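Let's take a friendly walk through this structure, one place at a time. Have a look at it first, and then read on.

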Amino acid sequence: MIETKHLTKVFGNLTAVDDLNLFIKQGDIFGFIGPNGAGKTTTMRILVTLMEPTRGHAIIDGLDVSRNGQKVRRVIGYMPDFMGVYDDLKVFEYLEFFAAAFSIERSKRKSIVEGVLELTDLQSKKAATVDSLSRGMQQRLGLARVLIHDPKVLILDEPASGLDPRARIEIRELLRELKRMGKTIMISSHILSELEEICDHVGIIEHGQLVYSGTIEEIRPRLGIHTKVRVQVADNQEKAIELLSALPQIHQVQTNKNYISISFKEGENIDGLIARTLVNANLDVIAIQPEQIKLDDAFLQLTKGIVH
Ligand SMILES: Nc1ncnc2c1ncn2[C@@H]1O[C@H](COP(=O)(O)OP(=O)(O)OP(=O)(O)O)[C@@H](O)[C@H]1O
Ligand SMILES: [Mg+2]
């Protein structure tokens, strides 16, 4: 549904987007991840026809965006990183304004506006002025706005930035709902743990280049991230460490006051072996549980040495 081929954007002597190849399937949520200045906004602005690429192509729903600007704009909903300020405008006026801008017939505007207000849970704020809304509500209004013309593709530039945890969860739920409705969603962020739960695929961009692209599950082995477990024993932790360190399948044993953290060599999963080793030595095992590795850690590993 969204594709870029050798997409490149040069500003003076800076290559903001450098030979970028993306492929996003219909119905997917794609997380576009990268630190500040990586080229996320520039890529998105090209996709939504606001900027011409220096080289390469961007294709949305089979249309080359440089050649079919008008058609592409009907297919996409773009939420920029900064929303304009519209003092005094009421929420429903704001949405009706955009409905008019999309040439939606006057007779249909009201019901369409009602529909997006309901979807984004903003009915109660219908008559409030836009600038009186909290940041979380403004972000939801931003989403309501891009849904007005019922686009197939949503391109959202950091929709969760500056939101508190509750508002972030609300946005996440809304994105899940939009996915259920069949939309293809590209969403950028540098808050990685946030995307981890909702994205089908992620692409990590740095200095305009795609350094990784794949599913969250694929990211772990690719990065050589080791599966970790936590082991707790009632006493004699030293003995447990000694025994576990001797196992050839184990990559590293780290100790903490209350538990032992063990990482396995790639492809090894030996919870059972750990339990047997400890029990056979008559050690009292309290718990063996997996440790979650967050995408944030993966990101740090991946970009280590690349970020300056
Ligand atoms: N219009 C422009 N003219 C010159 N340089 C630009 C322009 N727009 C962006 N850049 C530069 O291109 C690079 C990529 O910027 P971009 O805004 O795409 O990054 P980003 O990944 O969206 O970052 P952030 O996380 O801060 O939003 C930056 O170095 C930026 O300064
Ligand atoms: Mg940006």
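Ala287 is exposed, because 10 other C-beta atoms lie within 10 Å of its own. The label follows a count of other C-beta atoms within 10 Å, with C-beta atoms placed from the backbone: 20 or more makes a residue buried, 12 or fewer makes it exposed, and anything in between is partly exposed. Ala287 belongs to strand S14, which spans residues 285-291. Helices (H or I, at least four residues) and strands (E, at least two) are DSSP runs, numbered from the N terminus. Ala275 is 12 residues away from Ala287 along the chain, and 9.3 Å separates their C-alpha atoms.

A word on the source: this is a predicted model, in which local features need pLDDT of at least 70 and side-chain atom pairs count only at pLDDT 80 or more, while totals for chains, interfaces and linings use all residues. Residues are numbered from 1 along each chain as its sequence is written, and chains are lettered from A and ligands numbered from 1 in the order in which they are written.

Next, visit Lys71 in helix H2, residues 69-75. Lys71 counts as partly exposed because it has 15 C-beta neighbours inside 10 Å. Between the C-alpha atoms of Lys71 and Asp61, 10 residues apart along the chain, the distance is 9.9 Å.

Which residues are buried in helix H3? In this helix, residues 91-101, they are Val91, Phe92, Leu95 and Ala99. They sit on the same side of H3, because they cover an arc of only 90 degrees around the axis, taken from the directions from the helix axis to the C-beta atoms. After H3 comes Ser103, with a positive phi near 55 degrees.
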